[in-house]
Amino acid sequence: MAGDPLQEVVVTTKLDRVLGWARKYSLFQYPFVTACCGMEFMATSGSHYDTDRFGAAFPRFSPRQADLLMVVGTITHKQAPILKRVYDQMCEPKWVVAFGVCATSGGFYQNYGSVPGIDCFLPVDMYIPGCPPRPETVIDALLKLQDRIQNQRQALL
Amino acid sequence: MSPANSSPAFAEELRAALGPRLLRVESWQGREAAVVEPEAWLEAVRLLKSRGYDFLMDLSAADYSGFPGHQAPPLGVSLQLFGSGTRRRAWLKAYLPLEGARLATLSDEFACANWYERECWDMFGVEFVGHPHLKRLLLYEEFQGHPLRKDYPILKSQPLIPMRNAVDYESVAAARRAAADEDGLGRG
C-alpha cells in the first residue's frame with residue numbers, strides 16, 4: 001500500500017500490548033511498611049535511586065487508588081487480617097510484591113507471632129530476596145514486574 | 001549467691017525490713033538481685049521507692065523450666081529500679097509457679113508498670129492482682145496461652161485468617177525430636 005497517507009500518521013498495535021504499556025508505566029504503589037525493610041524502601045524511592053524513572057514510584061496511601069501492593073517487612077498474625085483487607089479493597093488489575101525475606105517466607109522468624117510469608121494468604125507476583133534487599137535488587141524486581149505486566153493478557157473488567 | 005557481708009546496700013535495706021521474706025541474694029555475672037517472697041513484692045518495691053529508688057527501669061520475666069540447676073519455682077519475674085538522685089540501681093526478683101502465677105501490681109507506685117505488667121501477662125501469664133487494665137499488650141485477644149512460656153509449643157501459631165501451606169508444627173516438632181534422638185543428643 002505504498003503511498004497510503006495513513007501509514008505516515010497511524011501506528012498499529014495490539015490492544016493487549018498498548019494496555020500493558022500504559023499499565024506498567026503508571027503503577028500506583030500502596031506501601032504496606034511494617035518493619036526495617038521500610039528504610040531500604042525509602043532509600044530506593046528517594047532521589048538517589050529514584051524509582052520514578054521507571055514510572056513506578058507514585059505512592060497512594062489509599063488502597064482504592066493503588067494497583068501495586070508493596071508488602072515491606074514482617075507480617076504478624078495480628079497484622080495479617082489488616083493486610084488482607086487492604087488487598088481486598090484494591091481494584092483490579094492489581095499486583096503484589098513481597099519486599100524482603102520476611103514478607104517472602106517469614107525470614108528468620110519461625111514462631112508464634114509471624115506469618116511464614118504473605119503468600120500464605122495473598123497471591124504474590126514478585127518476591128524480592130534480601131534482609132534487607134539492596135536498591136538494585138528492588139529495581140530489578142520492578143523491571144521484571146513491568147515486563148510481566150507488559151506481556152500478560154490484559155483482562156478488561 | 002554472695003555472702004551477706006558483701007550484699008549490695010539495697011539488699012541490706014530489704015533484709016532489715018523484710019527479714020526472712022528476703023529469700024536470698026542471687027548473683028549472675030557480677031550483678032546481684034534480691035529474691036523476695038512473692039507476697040512481699042509490693043512491700044519491697046515501696047520500701048526501695050522510699051529510699052530514693054524512684055524510677056522503674058524495667059520489669060520482665062523468664063521461664064526457668066528445665067534450666068540447669070534451677071531449684072526455685074520456674075517463673076522468675078524481675079525488675080530494675082533506678083535512683084535518679086543517688087544514681088544507684090536495685091534489682092528485685094520473685095519466683096512463681098506456672099499454675100496460678102500471681103503478683104501484686106506496681107501500677108499504683110509506678111505508672112509505667114502498667115504496660116510492663118500487661119506485656120508480662122501477655123507473654124508469660126503472670127496475673128498482676130489489682131492491675132487496672134490487665135489485657136494483652138502485643139498479641140491479639142483471640143490468642144490462647146502465653147507464648148514465652150517453655151511449655152508453649154515452639155512452632156505453634158494461631159492465625160486469625162485462613163492460611164495456605166501453613167506449618168503443621170506438631171509433625172515438624174515430632175520430626176525434630178526423632179532426629180535429635182537419632183543423633184543421641186537427647187534434646188527435642
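Biologist: How many residues does the contact take from chain A and how many from chain B?
Modeller: The contact takes 14 residues from chain A and 22 residues from chain B, where contact means heavy atoms within 4.5 Å. This is a predicted model, in which local features need pLDDT of at least 70 and side-chain atom pairs count only at pLDDT 80 or more, while totals for chains, interfaces and linings use all residues. Residues are numbered from 1 along each chain as its sequence is written, chains are lettered from A and ligands numbered from 1 in the order in which they are written, and side-chain values use heavy atoms, with hydrogens and water left out.

Biologist: How much area do chain A and chain B bury between them?
Modeller: About 1,400 Å², with 63% of it on carbon and sulfur atoms. Buried area is the accessible area (1.4 Å probe) that two parts lose on being put together, summed over both. An interface is often sized in this way, by the accessible area lost when the parts come together.

Biologist: Which residues of chain A lose the most area to chain B?
Modeller: A:H77, A:K78 and A:Y112, which together account for 48% of what that side buries.

Biologist: What makes up the secondary structure of chain A?
Modeller: Chain A has six helices and five strands. Helices (H or I, at least four residues) and strands (E, at least two) are DSSP runs, numbered from the N terminus. In chain A the order from the N terminus is α-α-β-α-β-β-α-β-α-β-α. Along the principal axes, its C-alpha atoms fill a box of roughly 70 × 35 × 25 Å.

Biologist: What share of the contacts in chain A joins residues 24 or more positions apart?
Modeller: Such pairs account for 78% of the contacts in chain A with a separation of 6 or more.

Biologist: How many positive and negative side chains does chain A have?
Modeller: There are 15 positive and 14 negative ones, and the centres of the two sets lie 7 Å apart. Lys and Arg count as positive and Asp and Glu as negative, while His and the chain ends are not counted. The place of a charge is taken as NZ of Lys, CZ of Arg, CG of Asp or CD of Glu.

Biologist: Why is B:Q29 called exposed?
Modeller: Buried means under 20% relative accessible area, exposed over 50%, and partly exposed in between (1.4 Å probe, protein chains only). B:Q29 is at 74% relative accessibility, so it counts as exposed. This residue is found in the loop between β1 and β2 of chain B. Most residues other than glycine have a negative phi.

Biologist: Why does B:R87 count as exposed?
Modeller: B:R87 has 65% relative accessibility, so it counts as exposed too. B:R87 sits in the loop between β4 and β5 of chain B, and its phi, near 55°, is a positive value in a residue other than glycine.

Biologist: Is A:P123 buried, partly exposed or exposed, and what makes it so?
Modeller: A:P123 has a relative accessible area of 45%, and therefore is partly exposed. A:P123 lies in the loop between α5 (100-105) and β5 of chain A. Not counting residues up to four places away in sequence, A:P123 touches A:Y87, A:V96 and B:R164.

Biologist: Which peptide bond at A:P93 is cis, and what is its omega?
Modeller: The bond from A:E92 to A:P93 is cis, with omega near -5°. A:P93 is in the loop between α4 (80-89) and β4 (95-99) of chain A. Another cis peptide bond joins A:C131 and A:P132, with omega about -5°. A:P132 is in the loop between β5 (126-128) and α6 (135-151) of chain A. Most peptide bonds are trans.

Biologist: What makes a set of residues a nonpolar core?
Modeller: A nonpolar core is a set of buried Ala, Val, Leu, Ile, Met, Phe, Trp, Tyr and Cys residues joined through side-chain atoms within 4.5 Å. The largest one has 44 residues, and B:F10, B:L14, B:W41, B:L79 and B:L92 have the most contacts inside it. Six residues, the largest share of this core, come from α2(B). Apart from this core lies another of 22 residues, including A:A66 and B:M163.

Biologist: Which residues of α2(B) are buried?
Modeller: B:W41, B:L42, B:A44, B:V45, B:L47 and B:L48. They pack against α1, β2, β3, β4, β5 and β6 (102-104) of chain B. Just after α2(B), B:G52 takes a positive phi of about 100°.
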